[in-house]
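Here is a short tour for you to follow with the structure open beside the text.

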Amino acid sequence: MKVLGIESSCDETGVALYDTERGLLGHRVHSQIDLHAAYGGVVPELASRDHIRRLPLLLREMLAVAGCRLDEIDAVAYTAGPGLAGALLVGAGVAESLAMALGVRTLPVHHLEGHLLSPLLSAQPPAFPFVALLVSGGHTQLMRVGGVGEYELLGESLDDAAGEAFDKTAKLLGLGYPGGPQLARLADRGRAGRFRLPRPMLNSGDLDFSFSGLKTAVLNTVCAPGWRTEDAADLAADFQQAVVDVLVEKALAALARTGLTRLVVAGGVGANRSLRARLDQAAKRRGWQVYYPEPELCTDNGAMIAFAGAMRLAAGEHGQTAGRIGICPRWPLAEVGKPA
């Protein structure tokens with residue numbers, strides 16, 4: 001069965017085709033970084049318009065790469081939330097219209113479910129159950145995953161997510177958009193240990209996160225008398241180390257509490273090299289295993305949506321009749337049910 005996946009929740013337009021027998025046949029992603037760079041952040045209206053322009057082009061390119069015709073598609077999966085309302089409507093509208101024309105069913109997919117399941121696309125996928133650390137631009141969560149649709153929230157950010165803290169700190173240091181990757185590159189040139197930054201909620205006794213205070217500590221540092229811009233790399237290194245310290249300790253605590261030995265790391269921040277190195281080292285010492293998506297699937301993409309849709313079909317979900325456009329810009333992952 002061939003499942004088309006469409007992702008348009010924010011500032012990446014993604015399409016992909018997943019075959020339940022042959023695997024991922026092809027995918028294409030267009031990033032809107034250049035479009036939003038002048039504004040220092042995502043402009044929702046511009047994002048929606050660009051999704052409209054890009055989706056038909058990407059779909060044709062992807063089908064050519066996959067060697068597949070439109071009439072060979074058996075189902076269409078798309079991101080129904082969470083995300084920007086206008087951007088989600090574009091993807092949902094294209095998906096439902098295309099499915100209606102083809103006479104196939106649709107599968108509205110939770111964006112974070114796509115991220116959570118994306119490591120299963122790798123050459124060595126994890127087995128259920130596992131703990132998932134979801135670290136994207138807008139979400140930082142720990143989940144216990146028992147299977148498709150079996151998601152138990154263990155902890156989450158109470159304010160800024162890790163990705164948001166990276167982006168806001170990057171702006172404080174005068175870096176461009178998108179800030180997170182630029183801050184990570186700057187941190188690689190710095191020397192951690194010069195600045196005393198907090199590790200918020202590290203000893204809170206629960207699995208929740210908070211990064212707004214860490215961002216404020218950076219603000220106080222750059223506004224203090226004697227601050228020099230040439231110290232930015234060292235401050236970036238200290239900031240990154242503080243975030244990584246918290247993420248690693250909370251993830252390890254989640255594994256210990258659940259008694260599980262497999263950790264899945266997904267989302268854009270999951271591509272951070274410092275985070276991966278620390279998690280790998282800690283897991284190796286304990287005999288645990290850590291799984292990541294392929295590097296090209298860490299950011300938003302259609303492959304994870306096509307795969308999540310295929311997984312739901314394999315678990316017994318039938319999808320819905322095409323033509324009913326429904327999105328959910330705010331949609332807790334814990335509310336996603338197990339396929340009937």
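A search of the whole structure finds one cavity of 30 Å³ or more. A cavity here is a set of points on a 1 Å grid over the protein atoms alone where a 1.4 Å probe fits but cannot get out. Grid points are joined across faces, edges and corners, and a volume is the space filled by probe spheres set on the points. This is a predicted model, in which local features need pLDDT of at least 70 and side-chain atom pairs count only at pLDDT 80 or more, while totals for chains, interfaces and linings use all residues. Residues are numbered from 1 along each chain as its sequence is written, and side-chain values use heavy atoms, with hydrogens and water left out.

**The cavity**

The largest cavity holds about 30 Å³ of space. Which residues line the largest cavity? They are Leu112, His115, Leu134, Val135, Ser136, His139, Ala266 and Gly267, where lining residues have an atom within 4 Å of a point. Helix 4 (111-117) and strand 6 (130-135) each supply at least two residues of this lining; helices (H or I, at least four residues) and strands (E, at least two) are DSSP runs, numbered from the N terminus.

Now look for an open sheet of five strands in the order 3-2-1-4-5, with mixed pairing. Strand 3 (23-31) and strand 5 (105-110) are its edge strands, each pairing on one side only. Neighbouring strands of this sheet are turned by 20 degrees against each other on average, direction ignored. Two strands pair if DSSP finds at least two bridges between them.

Strand 1 (residues 2-7) and strand 4 (residues 75-81) run parallel and are joined by four bridges, with Val3 opposite Ala75 in strand 4. Strand 2 and strand 3 pair in the antiparallel sense over eight bridges, and Ala16 has His27 in strand 3 as its bridge partner. A hairpin of three residues links strand 2 to strand 3.

Helix 10 (residues 302-314) lies across strand 1, strand 2 (12-19), strand 3, strand 4 and strand 5, at about 135 degrees to strand 1. Axes are lines fitted to C-alpha atoms, for helices over the stretch in contact, and angles run from 0 to 180 degrees between N-to-C directions. Contact means heavy atoms within 4.5 Å.

**A helix pair**

Helix 8 (residues 232-258) and helix 9 (residues 273-286) pack at an angle of about 35 degrees, with their axes 10 Å apart. On the helix 8 side, the residues that meet helix 9 include Val244, Leu247 and Val248, while those of helix 9 include Leu275, Leu279 and Ala282. The residues of this contact divide into eight nonpolar, two polar and three charged.

**Backbone spots**

| Peptide bond | Omega |
|---|---|
| Gly81 to Pro82 | near -15 degrees |
| Phe128 to Pro129 | about -5 degrees |

Pro82 sits in the loop between strand 4 and helix 3 (85-102), and Pro129 in the loop between helix 4 and strand 6. Met201 is not a glycine, yet has a positive phi of about 60 degrees. You will find Met201 in the loop between helix 6 (179-188) and helix 7 (212-223).

Terms used. On a 1 Å grid over the protein atoms alone, a cavity is a set of points where a 1.4 Å probe fits but cannot get out, and a pocket is an open set with protein on both sides within 12 Å along at least five of seven lines; lining residues have an atom within 4 Å of a point. Ala, Val, Leu, Ile, Met, Phe, Trp, Tyr, Cys and Pro count as nonpolar, Asp, Glu, Lys and Arg as charged, and the others, Gly among them, as polar.
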